[in-house]
Amino acid sequence: MKIHEYQAKALFRANGVATPVGNVAFSVDEALAQVEELGGYPVVIKAQIHAGGRGKGGGVKLAHSKAEVKEVVSDILGMTLTTKQTGPQGKLVDKILVEEGLDIRHEFYLSILPDRQTDSVMIMASREGGMDIEEVAEKSPDKLIKVRVNPLAGLQGFHVREVAFGLGLGGETFKSFATLLRSLFALFMEYDCSLVEINPLVVLTDGNVVALDAKVDVDSNSLYRHPDITEMRDESEEDPLEVEASKYGLNYINLDGNIGNMVNGAGLAMATMDIIQQAGATPANFLDVGGGASADMVEQGFRLILSDARVKGVLINIFGGILRCDVLAEGVVQAARTVDIKIPVVVRMEGTNVERGRQILLESGLNLITATDLADAAKKVAAIVA
Amino acid sequence: MAIWVNEATRVVVQGITGKEGQFHTRACVEYGTNVVAGVTPGKGGQFMDEIPVFNTVAQAVSATGADTSLIFVPPPFAADAIMEAADSGVALIVCITEGIPVMDMLKVKAFLGGKSVRLLGPNCPGVITPGACKLGIMPGMIHKPGGPIGVVSRSGTLTYEVVDQLTKRGLGQTTCIGIGGDPINGTDFIDCLAAFEADPQTKGVVMVGEIGGSAEEEASAFIKAEMSKPVVGFIAGITAPPGRRMGHAGAIVTGSAGTAAGKIAALEAGGVHVCENLGGLGDLCATVFAGL
């Protein structure tokens with residue numbers, strides 16, 4: 001789960017990671033009050049959306065006077081910010097972070113993330129702050145410091161020294177950085193983060209090290225033990241259909257295509273999307289109804305797909321294991337009774353109780369297209385978009 | 001022969017009295033799996049059907065000689081369950097549980113380091129040697145005993161689809177393994193490929209991967225260097241948008257890493273027969289494995 005920069009920075013401060021002084025604001029008046037409290041200029045106004053690249057998109061600006069604050073805040077609040085990560089449609093900005101401006105000597109990059117390859121926690125750092133880290137990794141991998149930490153033994157002194165000396169730090173700055181890294185690592189472990197990234201991490205002219213930016217992603221599987229993080233969820237940042245789906249326990253991702261699909265199992269769902277594309281259509285979604293889906297969940301999934309106006313047809317692909325084909329069939333029939341289905345629906349079922357499932361669909365009198373196997377299903381999908 | 005599980009495998013089910021545990025234990029027993037014990041803390045002394053239930057895995061192992069554990073414990077307690085099993089001395093742990101926090105699995109992996117126990121999963125359908133032992137949640141009836149094909153996959157239902165296509169073309173399976181869809185898991189592709197290469201009954205392998213991570217790329221290098229048996233490969237997720245987690249916690253394209261295209265290229269470079277369209281997998285296997 002993603003949280004906003006202002007939420008991440010509050011978490012940082014509460015856990016001993018230094019950040020600039022600042023607070024969130026939802027209006028020009030609130031922003032002016034925040035500036036008053038900061039007690040000086042310049043101030044930094046930062047759009048709060050769940051996407052990187054905000055600066056390049058015009059969502060981060062400096063202000064040197066009250067008049068300028070008014071102007072900048074009115075510009076940013078309500079704007080549709082488009083960055084590399086938002087997609088072409090952009091994201092509406094409804095809140096900003098107001099922060100003190102700082103005297104910066106140098107910008108670094110610092111992040112912590114789980115490393116799948118070595119089953120460890122990896123610290124990554126670079127002297128090239130503020131840049132796209134993937135670009136640094138690609139163009140000059142030797143400039144990227146990588147230190148792997150055993151999750152049971154935890155962060156040791158030598159890990160901190162490897163990163164700090166790697167960044168060329170010394171004296172007071174070394175100490176300030178070491179404190180920050182230890183606090184950040186503890187936060188990463190405590191909150192089950194899947195990513196903590198500070199880009200840039202800055203050294204001020206007084207030698208202190210401060211997190212100028214903050215990105216925190218928390219492992220969704222761990223939210224049951226982090227009620228404080230769960231409260232930070234911002235549903236306005238998510239696709240409305242995906243929010244709706246999550247209420248029913250459905251795993252749904254909205255895409256741009258014209259063929260909706262409902263599948264049990266994530267791997268088969270991805271493979272089904274691929275088949276739709278290979279048949280000359282485009283997948284409108286990813287929808288995994290899961291292993292233990294009920295008829296109600298299937299019905300809700302079906303309604304979600306049909307609520308997308310771009311969808312010209314639907315492919316239901318179920319390999320009955322735990323989810324029995326008769327349960328799926330009942331869900332489809334149930335949905336069809338309450339929703340007016342005006343587009344073709346191809347159903348491919350195999351596995352547990354397949355005969356009973358097929359019979360239920362047949363006896364329902366619904367106008368469904370049945371497919372005998374995946375190759376056949378692909379042909380029938382191709383016919384819909386032809 | 002087959003690998004890792006057979007008629008002699010003695011199974012303890014952790015979480016046997018839960019809804020999932022009961023349901024799937026019964027399906028495994030019905031298939032012929034030798035389930036000798038169950039574990040639910042606080043329910044020691046009871047029975048699930050005819051199977052004795054113990055408070056701890058250590059007690060179950062010492063009383064019944066169980067050598068393999070099958071775990072149906074909810075995510076908050078699953079890491080504990082895996083470590084308990086590893087500590088009890090069983091040789092194989094199969095963890096079905098989906099949704100275990102990554103941090104828990106990192107600690108489990110560090111805990112397992114140096115122990116000789118094999119962990120399969122988590123977030124996997126389990127492992128089956130058709131006709132001999134079903135250790136997991138897969139539908140038994142789609143499998144065909146006797147080999148000669150080994151199957152290894154990161155997915156559940158996608159594996160059933162692959163097995164079904166093999167069976168319908170008369171290609172039986174030695175052992176089918178789901179290694180799980182989580183970013184941090186126990187047994188990986190290479191462990192399975194090495195075991196299939198060493199198993200005289202297995203003549204060919206189907207490997208089913210998906211987007212995210214680099215396990216398929218590493219497996220490709222292994223296949224090229226170490227494998228003499230033909231391998232058919234399939235990768236799911238060509239159409240998956242970058243940065244989105246596709247159901248499985250481990251299925252995510254990050255930047256230019258973990259893409260389907262990259263994995264397919266790696267498989268081809270490793271000499272794997274790549275199936276680009278799942279609908280045609282059975283036909284491709286029939287061709288590649290003809291005469292085995």
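A salt bridge here is a side-chain nitrogen of Lys or Arg within 4 Å of a carboxyl oxygen of Asp or Glu. One network of them links E5(A), K9(A), K46(A), R54(A), E99(A) and D213(A).

Some ground rules come first. Residues are numbered from 1 along each chain as its sequence is written, and chains are lettered from A and ligands numbered from 1 in the order in which they are written. As this is a predicted model, local features need pLDDT of at least 70 and side-chain atom pairs count only at pLDDT 80 or more, while totals for chains, interfaces and linings use all residues; side-chain values use heavy atoms, with hydrogens and water left out.

**Chain A**

- Chain A contains 13 helices and 18 strands; helices (H or I, at least four residues) and strands (E, at least two) are DSSP runs, numbered from the N terminus.
- Along the principal axes, the C-alpha atoms of chain A fill a box of roughly 80 × 50 × 40 Å.
- Of the 386 residues in chain A, 56% are buried, where buried means under 20% relative accessible area, exposed over 50%, and partly exposed in between (1.4 Å probe, protein chains only).
- Taking contacts (heavy atoms within 4.5 Å) between residues of chain A at least 6 apart in sequence, 67% join residues at least 24 apart.
- Chain A exposes about 16400 Å², and carbon and sulfur atoms supply 50% of that area; accessible areas come from the Shrake-Rupley method with a 1.4 Å probe, and for residues only the protein chains shown count as cover.
- Chain A carries 37 positive and 53 negative charges, whose mean positions are 3 Å apart. Lys and Arg count as positive and Asp and Glu as negative, with His and the chain ends not counted; each charge is placed at NZ of Lys, CZ of Arg, CG of Asp or CD of Glu.

**Chain B**

- Chain B has 9 helices and 14 strands. Its radius of gyration is 18 Å, close to the 19 Å that the globule rule gives for 292 residues, so chain B is as compact as a globular protein of that length. The radius is taken over C-alpha atoms, and the globule rule is 2.2 Å times the number of residues to the power 0.38.
- The C-alpha atoms of chain B fill a box of roughly 55 × 40 × 30 Å along the principal axes.
- Buried residues account for 62% of the 292 in chain B.
- For contacts in chain B between residues at least 6 apart in sequence, 73% join residues at least 24 apart.
- The accessible surface of chain B is about 9800 Å², with 54% belonging to carbon and sulfur atoms.
- In chain B, the mean positions of the 19 positive and 26 negative charges lie 1 Å apart.

- Side chains of opposite charge can pair when their charged atoms come close.
- Within chain A, E172(A) and K175(A) form a salt bridge at 3.7 Å, N to O. These two sit 3 residues apart in helix α6 (residues 171-190) of chain A, so about one helical turn separates them. E172(A) is exposed, at 55% relative accessible area, and K175(A) is exposed too, at 53%.
- Within chain B, E216(B) and K263(B) are joined by a salt bridge at 2.6 Å, N to O. The pair links distant parts of the chain, from helix α7 (residues 215-226) to helix α8 (residues 260-269), 47 residues apart. Both E216(B) and K263(B) are buried.

**Helix α4 of chain B**

- Helix α4 (residues 102-112) of chain B is mostly covered, with 8 of its 11 residues buried; among them are M103(B), D104(B), K109(B) and L112(B).
- The cover over these buried residues includes β7 (104-115), β8 (120-126), α6 and β10 (193-204) of chain A, along with α3 (75-88) and β7 (118-120) of chain B.
- After α4(B) comes G114(B), which has a positive phi near 90°.

**S220(B) in helix α7**

- S220(B) lies in helix α7 of chain B and counts as buried at 3% relative accessibility.
- Leaving out residues up to four places away in sequence, S220(B) touches A266(B), L267(B) and G270(B).
- S220(B) and G270(B) are 50 residues apart in sequence, yet 4.8 Å apart in space, C-alpha to C-alpha.
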